[in-house]
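I opened the model today and kept short notes on what I looked up. They follow in the order in which I worked.

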Amino acid sequence: MRVRRAAYVLLPVLLVAAGIWWIARGGGPGPQQLTGRGAHYTVRVDLEPVTGPLEARIGVDPEPDEVSAFAVMPHMGHTTPELPAGRDATGGYVVRGELFTMAGAWEISVRVRGGPGTEVITVNTLVGEGDR
C-alpha cells in the first residue's frame, strides 16, 4: 500500500520535473505549422517557437487588408506588444520580432482586418529556449 501511494506521488513529480528540464535546456518542439479558424478567416502560422527574435510567416484566407500578431502566456500573465505583419515575396505575411519572452506554453493571437470584418484568431504552441 505504501509503495503504491509513493508511486502515485513520485511519478507525477518526476514527469513534471522532466518537462521543466526539457524546456529549460532548449528542447523546443522545432518548426511548427499552426492553423486556426475564425468566423471569416483561416490563418496558418509557420515559425520555430523559441525565445528571442524570430520570424513568423502567416498565411490568411481570404485575403485581408491588414495582419498583426501578439503572444500571451496565460498561466503567467505575460503578453507581448502587437507586431505588424508585412507582405513577403510569396504573397503571405511575415512578422519579425520577439513574440516569446520565456519558455513554456503560449497563445499566438493573429489580428486580421479586412472586408469581412476584424477577427483575432488564436493558436497554441510550446516554446523552447532560443539563442540570445
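The entries below go from the whole chain down to single residues.

**Ground rules.** I am working with a predicted model, in which local features need pLDDT of at least 70, side-chain atom pairs count only at pLDDT 80 or more, and totals for chains, interfaces and linings use all residues. Residues are numbered from 1 along each chain as its sequence is written, and side-chain values use heavy atoms, with hydrogens and water left out.

**Confidence.** I checked pLDDT, the predictor's confidence in each residue, from 0 to 100. The protein chain has a mean of 87, and 81% of its residues reach 70 or more. Helix α1 (residues 2-24) has the lowest confidence, at a mean of 66. Strand β6 (residues 83-84) has the highest, at 98. Where pLDDT is low, the predicted coordinates should not be read in detail.

**Layout.** I found one helix and ten strands in the protein chain. Both are DSSP runs numbered from the N terminus: helices are H or I with at least four residues, strands are E with at least two. The order from the N terminus is α-β-β-β-β-β-β-β-β-β-β.

**Surface and contacts.** I noted an accessible surface of about 7800 Å² for the protein chain, with 57% of it on carbon and sulfur atoms. The areas come from the Shrake-Rupley method with a 1.4 Å probe; for residues, only the protein chains shown count as cover. Of the 132 residues, 38% count as buried. Buried means under 20% relative accessible area, exposed over 50%, and partly exposed in between (1.4 Å probe, protein chains only). Contact means heavy atoms within 4.5 Å. Among contacts between residues at least 6 apart in sequence, 55% join residues at least 24 apart.

**Cis bond.** I found a cis peptide bond between Asp61 and Pro62, with omega at about 0 degrees. Pro62 sits in the loop between β3 (53-61) and β4 (66-73).

**Ser68.** I moved on to strand β4, where Ser68 is found. Is Ser68 buried or exposed? Ser68 counts as buried because its relative accessibility is 6%. Its side chain makes a polar contact of 2.4 Å with the side chain of Glu82. A polar contact is a pair of N or O atoms within 3.5 Å; within protein, one must be able to donate a hydrogen and the other to accept it, and residues adjacent in sequence count only if both atoms are side-chain atoms. Not counting residues up to four places away in sequence, Ser68 touches several residues, including Leu83, Ser109 and Arg113.

**Asp88.** I looked next at the loop between β7 (86-87) and β8 (93-98), which holds Asp88. Asp88 has a relative accessible area of 16%, so it is buried. Which side chain does Asp88 meet in a polar contact of 2.8 Å? It is that of Thr90. The Asp88 side chain also reaches the backbone nitrogen of Gly92, at 2.8 Å. Beyond four places in sequence, Asp88 is in contact with Arg57, Tyr93 and Val94.

**Tyr93.** I found Arg87 over the face of Tyr93, at 4.5 Å from the ring centre. The rule asks for NZ of Lys or CZ of Arg within 6 Å of the ring centre and within 35 degrees of the ring normal.

**Pro116.** I ended in the loop between β9 (104-114) and β10 (117-127), where Pro116 lies. Pro116 is partly exposed, because its relative accessible area is 39%. Pro116 touches His40 and Tyr41, leaving out residues up to four places away in sequence. His40 is 76 residues from Pro116 in sequence, yet their C-alpha atoms are 6.3 Å apart.
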